[in-house]
Amino acid sequence: MTMLDFNLWSWNSRIFPGIDSLNVRHRDKVRLRIGNLTMTNHPIHLHGHEFLITGTDGGPTPKSTRQYEVTADIAVGQMRQLDFLADEEGDWAFHCHKSHHTMNAMGHGVPTMIGVDHSGVARQITKLIPDYMVMGERGMKDMTEMEMPLPDNTAPMMAGQGPFGAVGMGGMFSVVKVRKDQKPGDYGDPGWYQHPPGTVAYEFTGSLPDPARFKAEASPGPGSMPSMARPARDIEVQVRKPGTGHGGHH
Ligand SMILES: [Cu+2]
């Protein structure tokens with residue numbers, strides 16, 4: 001079909017989790033240089049920080065042209081130099097923003113099966129391609145909890161484990177690790193970030209308050225959706241056929 005149909009997206013021929021993290025000391029000035037040697041654009045995205053595009057294939061960018069960004073789209077054949085101050089401690093996702101570039105081996109050329117009971121279809125495909133596996137009916141996240149056998153000519157999609165479980169990435173993805181206790185000049189992997197107590201999000205399990213709802217009576221105009229509290233009314237529609245009712249215009 002097209003050359004975009006089958007590619008394993010990688011950085012320097014590496015894919016997460018088989019790729020180095022980028023480990024820096026807190027308040028280091030970090031410079032990333034990215035060249036795109038592929039045949040499609042890659043919007044490269046960094047969490048936790050804002051960077052300036054300080055250089056292109058044409059050389060350093062004039063200071064007056066720079067603006068803070070969190071994503072830089074790098075076109076085919078382009079190079080971009082991204083500078084930022086690593087002023088936030090933690091583990092920060094760094095990845096292409098095209099989701100299928102962070103998740104390889106997604107069953108190229110097969111329609112998404114979300115919401116479809118595909119067990120029968122899968123059985124039939126498996127007769128043709130023994131190692132084949134279709135995307136789970138609840139979406140990609142189905143696959144993150146298990147490591148399934150794959151065809152020999154592809155790469156695992158989501159084998160990476162993080163401190164909170166499966167990371168769900170297996171392509172153009174890495175982690176920028178910013179640490180206060182990293183020694184100057186030491187770019188070794190410090191392991192996963194140890195979050196200070198009270199700084200990790202958790203699921204709220206208490207009772208929820210009623211959400212604020214649109215009140216039709218207090219409003220100057222009709223709502224776009226009928227309020228549940230509004231009494232049901234019959235709707236009358238009057239239809240006038242063309243050519244009847246108005247004389248004199250024939
Ligand atoms: Cu990409």
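This is a predicted model: local features need pLDDT of at least 70, side-chain atom pairs count only at pLDDT 80 or more; totals for chains, interfaces and linings use all residues.
Me: What makes up the protein, in terms of helices and strands?
Reply: The protein has two helices and 12 strands. Along the sequence the pattern is β-β-β-β-β-β-β-β-β-α-α-β-β-β.

Me: How do you know how far to trust the model?
Reply: Look at pLDDT, the predictor's confidence in each residue, from 0 to 100. The mean for the protein is 79, and 63% of its residues reach 70 or more. Over residues 107-113 the pLDDT stays under 50, and the model has 12 contacts beyond four places in sequence for them. Residues 135-139 also have a pLDDT below 50, with 14 contacts in the model beyond near neighbours in sequence.

Me: Why is Arg179 called buried?
Reply: The cut-off is 20 or more other C-beta atoms within 10 Å. Arg179 has 20 other C-beta atoms within 10 Å, so it counts as buried.

Me: Where is Arg179, and which residues does it touch?
Reply: Arg179 belongs to strand β12, residues 173-179. Setting aside neighbours within four places in sequence, Arg179 is in contact with Arg25, His26, Glu89 and Pro190. Here contact asks for C-beta atoms within 7 Å. Arg179 and Ala86 are 93 residues apart in sequence, yet 9.0 Å apart in space, C-alpha to C-alpha.

Me: What makes β12 largely enclosed?
Reply: Count its residues. Six of the seven residues of β12 are buried, so the rest of the structure largely encloses this strand.

Me: And β2: is it enclosed or in the open?
Reply: Strand β2 covers residues 29-35. Of its seven residues, the number buried is zero, so β2 lies largely in the open.

Me: How much of the whole protein is buried?
Reply: Of its 250 residues, 15% count as buried.

Me: How do you know that β2 pairs with β8?
Reply: Pairing needs at least two bridges between the strands. Seven bridges join β2 to β8, so the two strands pair. Strand β8 covers residues 79-85, and the two run antiparallel.

Me: Which strands form the open sheet?
Reply: Five strands do, in the order β1-β12-β9-β3-β7, with mixed pairing.

Me: Why are β1 and β7 called edge strands?
Reply: Each has a single partner strand, so one side of each is left without a neighbour in the sheet. Strand β1 spans 22-25 and β7 spans 71-74. From one strand to the next, the twist averages 20°.

Me: What makes the pairing in this sheet mixed?
Reply: Compare the strand directions around β12. Strands β1 and β12 pair in the parallel sense, over four bridges. Strands β9 and β12 pair in the antiparallel sense, over six bridges.

Me: Which residues are bridge partners in β12?
Reply: Among them, Val178 in β12 is the partner of Val24. Ser174 in β12 is the partner of Phe94.

Me: How do you know that β3 and β9 pair?
Reply: The cut-off is at least two bridges. Strand β3, residues 42-46, and strand β9, residues 90-96, share three bridges, so they pair, in the antiparallel sense. Look for His45, which stands opposite His95 in β9.

Me: Why do side chains along a strand not all point the same way?
Reply: In a regular strand the side chains alternate between the two faces of the sheet.

Me: What else marks Asn12 and Ser13?
Reply: Asn12 has a positive phi of about 50°, although it is not a glycine. Ser13 has a positive phi near 65°, and is a residue other than glycine. Asn12 is in the segment before β1. Ser13 has its place in the segment before β1 too.

Me: What kind of peptide bond joins Phe16 and Pro17?
Reply: A cis bond joins them, with omega about 5°. Pro17 lies in the segment before β1.

How values were computed. Residues are numbered from 1 along each chain as its sequence is written. A residue is buried if 20 or more other C-beta atoms lie within 10 Å of its own, exposed if 12 or fewer, and partly exposed in between; C-beta atoms are placed from the backbone. Axes are lines fitted to C-alpha atoms, for helices over the stretch in contact, and angles run from 0 to 180 degrees between N-to-C directions. Two residues are in contact if their C-beta atoms, placed from the backbone, lie within 7 Å.
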